[in-house]
Amino acid sequence: MRSLMTLVFGLSFMLLSQHATADQREFETAAQQQLYYELINELRCPKCQNQTIADSDAPLAKDLRDRSYDMVMAGQSKQQVIDFMVARYGDFVHYQPPMQWSTSILWLAPLLAIGLGIVVITFMVRSQKQQPVTLSAQEQARLKQLQQGADDDS
Amino acid sequence: MSKTTRLLVLFIPLALFLGMTLFLLRGLFSDPTELSSALVGKPVPAFELPDIYDTDTMHTEAVLQGQPMLLNVWATWCPTCRAEHEYLNKLAAEGVPIVGLNYKDDSREKAVNWLNTLGDPYQLNLYDELGKVALEFGVYGAPETFIIDAQGRVVYRHVGDVNERVWEAKLRPLFECLQQGAQPCEV
């Protein structure tokens with residue numbers, strides 16, 4: 001058991017270190033490095049559905065990382081790199097969808113859900129308040145007595 | 001609350017449920033790996049690539065203009081390309097112009113060998129060793145087949161193999177529409 005654990009730990013460590021060394025790149029400035037990592041964690045691999053190009057081992061993801069790196073080193077801005085990718089691979093390639101008619105549900109759905117919740121709660125509170133009060137025979141008699149008393153006073 | 005409003009309220013969950021069912025039912029029959037090309041309606045990107053047989057001969061985007069044609073992205077490492085090759089041979093024999101884009105193949109020799117043994121349905125074959133031109137086309141796998149009109153604009157992109165079913169149902173009607181010069185042609 002213990003040796004198995006050691007093996008698992010050892011292997012996962014190897015995987016980790018390999019992942020870290022697989023994509024060693026040299027940058028001239030810290031800003032370039034930051035921009036590059038921002039980009040590869042925001043661009044989506046078209047081949048692998050739900051991974052960023054930083055995450056994916058697909059050859060296409062590597063090609064897109066290479067291209068992002070080249071563009072960053074050539075002094076292109078973040079928006080320029082994203083526009084370049086979107087022009088070729090469509091909105092799919094960017095993890096932040098643009099606000100347009102077909103994507104509006106992403107912004108509207110939470111608002112609708114909150115709105116619906118408020119409506120439901122209002123209804124429930126109202127219906128609770130409007131519950132008719134039923135009086136027992138004793139209470140009815142007392143009520144009558146009070147009303148008569150009030151009439152006499154006026 | 002009156003009786004009718006009460007009934008209506010009771011039916012809200014059922015209506016929501018049916019709406020969700022219809023919405024999710026559509027998802028069952030759609031293939032999320034099939035992305036429509038961002039290039040549809042746009043001219044093919046500019047490029048310069050060597051011919052696969054003779055790397056001294058260079059081709060540009062001009063080879064994709066003049067008549068409606070197919071641009072087929074393939075490689076020898078791609079099993080589905082092997083599966084569709086016979087059908088491409090058949091289409092070529094019927095007179096459909098096909099240009100090949102050899103995408104990041106293991107080696108040029110392997111690709112040439114493939115064409116020599118399995119037959120060459122392509123009018124010419126572009127050799128994209130590093131996949132840089134394929135990236136311009138938004139290629140994300142092989143095989144992919146672009147339908148390009150006489151003006152060199154991308155009209156449609158099919159992901160996956162071209163077979164009898166796909167050709168007859170989708171690609172042929174579109175391709176013949178383009179050949180007749182009628183506008184606009186849509187799938």
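Between chain B and chain A, 3 salt bridges are counted, a salt bridge being a side-chain nitrogen of Lys or Arg within 4 Å of a carboxyl oxygen of Asp or Glu. The structure is a predicted model, in which local features need pLDDT of at least 70 and side-chain atom pairs count only at pLDDT 80 or more, whereas totals for chains, interfaces and linings use all residues. Residues are numbered from 1 along each chain as its sequence is written, chains are lettered from A in the order in which they are written, and side-chain values use heavy atoms, with hydrogens and water left out.

A salt bridge joins A:Arg88 to B:Glu136, with 2.8 Å between the closest N and O atoms. Helix 4 of chain B (residues 132–136) contributes 4 residues, the largest share of the side of chain B that touches chain A; helices (H or I, at least four residues) and strands (E, at least two) are DSSP runs numbered from the N terminus. The contact (heavy atoms within 4.5 Å) involves 15 residues of chain A and 17 residues of chain B. About 1400 Å² is buried between the two chains, 55% of it on carbon and sulfur atoms; buried area is the accessible area (1.4 Å probe) that two parts lose on being put together, summed over both. Of the area that chain B buries against chain A, 39% is supplied by B:Leu35, B:Leu135 and B:Tyr140, more than by any other three residues.

In chain B, B:Arg157 belongs to strand 7 (residues 154–159). B:Arg157 counts as buried because its relative accessibility is 7%, where buried means under 20% relative accessible area, exposed over 50% and partly exposed in between (1.4 Å probe, protein chains only). The side chains of B:Arg157 and B:Glu144 are joined by a polar contact of 2.8 Å, defined as a pair of N or O atoms within 3.5 Å; within protein, one must be able to donate a hydrogen and the other to accept it, and residues adjacent in sequence count only if both atoms are side-chain atoms. The B:Arg157 side chain also reaches the backbone oxygen of B:Gly138 at 3.2 Å.

Chain A contains 6 helices and 0 strands, and buried residues account for 26% of its 154 residues. Helix 5 of chain A (residues 104–129) includes A:Leu112, which counts as exposed because its relative accessibility is 61%.
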